[in-house]
Each structure stands twice: as C-alpha cells, then as structure tokens.
Amino acid sequence: MAGIVETRLAGLGINLPSPRSPIANYVPFVLSGKQLFVSGQICFGADGKMVAAGQLGASVSIEAGQQAARACATNLLAQVKAALGDLDRVARVVRLGGFVNSAVGFADGPKVMNGASDLMVEVFGDKGRHARTTVGVSALPADAAIEVEGLFEVA
C-alpha cells in the first residue's frame, strides 16, 4: 500500500524512476543520525533522457529550466526512497542546493530552482518548506542544465 507521500506523487502523475548510480567515486546518499544527505541529481527524466541540456540564459529557457529542476527533485525523491524505503519517513526537507548551468550574466537561477522547491512543497506540504542555495555555474556533468542536492530530516 502506498503511503501519503507516494499517493501525492501519484496524484501529480509522477512515478519515481529507479535511482541512478553515481558516475564517479561517491555514494548517492549518506544517512547520519536523523539526517539524510542526498548527492546532487542531474535532470534526467523518467525516460532516462536529459530534460534540458545547455545553459540557462542561452539555449535553455527559464521554463525549461524549471522543468529540469523538477526532474532533479524527482530524482532526489527516488534516492530518498532507496535510502529510507518509505518517503513518509521524511520529517522535513531541510535544504536544497541548486547548481544552474548559466550563461554569463544569467541572474534568474532562483526562478529556475523554484521547479525543485515547488515540488517539495507539493509533495510534503509544510514539511517541504526548506532553506535553499542557488549557484550559477559555467558547466555541469553531461551538459545538464541543472543539478540539485538535498538534505532531509528523518523521522
């Protein structure tokens, strides 16, 4: 039987993908006490294809970036489920960190990261409200438009 969070995801039409394996020498998540740290997830969609590649402010629109950020957040949730077995164990989304592949002068990274933040609030309600950092970078792995990492408190 699906829990509350997975029922909300289903209501949004979201099926969690299989969590992706790391592409270098790190682990996808670390559980330390009641804190779950999830490594950065790039914007692969459920079909395994990149949702948006390239730089915001150049070849990628803010709207496409928001969809890419939402895909990153979905991938974060897939890793959380792999770590905890049940998304209902999340007591709070503590922090998201976003890295936006940005053209020189692109200053709307926070608008792009709203794609990830909005999903966390849609899924977890008030427990999904979190601290956040958004950083513009000149490149990301696989030319992804965005990468998002997360910190979650576990019940």
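This is a predicted model: local features need pLDDT of at least 70, side-chain atom pairs count only at pLDDT 80 or more; totals for chains, interfaces and linings use all residues.
**Ground rules.** I number residues from 1 along each chain as its sequence is written, and side-chain values use heavy atoms, without hydrogens or water. Local features need pLDDT of at least 70 and side-chain atom pairs count only at pLDDT 80 or more, while totals for chains, interfaces and linings use all residues.

**Entry 1: pockets.** I looked up the largest pocket. A pocket is an open set of points on a 1 Å grid over the protein atoms alone, where a 1.4 Å probe fits, with protein on both sides within 12 Å along at least five of seven lines. Its volume, the space filled by probe spheres set on the points, is about 250 Å³. It is lined by 15 residues; a lining residue has an atom within 4 Å of a point. Ser 21, Ile 23, Tyr 26, Gly 40 and Ile 42 lie nearest the centre. Strand S2 (35-42) and helix H2 (62-84) each give two or more residues. I took helices (H or I, at least four residues) and strands (E, at least two) as DSSP runs, numbered from the N terminus. S2 gives the most, with three residues.

The second largest pocket has a volume of about 160 Å³. Its lining includes Gly 13, Phe 44 and Arg 70.

**Entry 2: strands.** How do S3 and S5 pair, parallel or antiparallel? Strand S3 (residues 90-101) and strand S5 (residues 146-154) are antiparallel, over nine bridges. Two strands pair if DSSP finds at least two bridges between them. I found Leu 96 opposite Gly 150 in S5. S3 also runs parallel to strand S4 (residues 131-137), joined by seven bridges. There, Gly 97 stands opposite Thr 133. From S3 the chain goes through helix H3 (residues 109-124) to S4, in a right-handed β-α-β crossover. Right-handed means a clockwise path over the helix, with the strands pointing away from the viewer.

**Entry 3: a ring.** I checked Phe 44, which also lines the second largest pocket. Arg 20 lies over its face, at 3.7 Å from the ring centre. The cut-offs are NZ of Lys or CZ of Arg within 6 Å of the ring centre and within 35 degrees of the ring normal.
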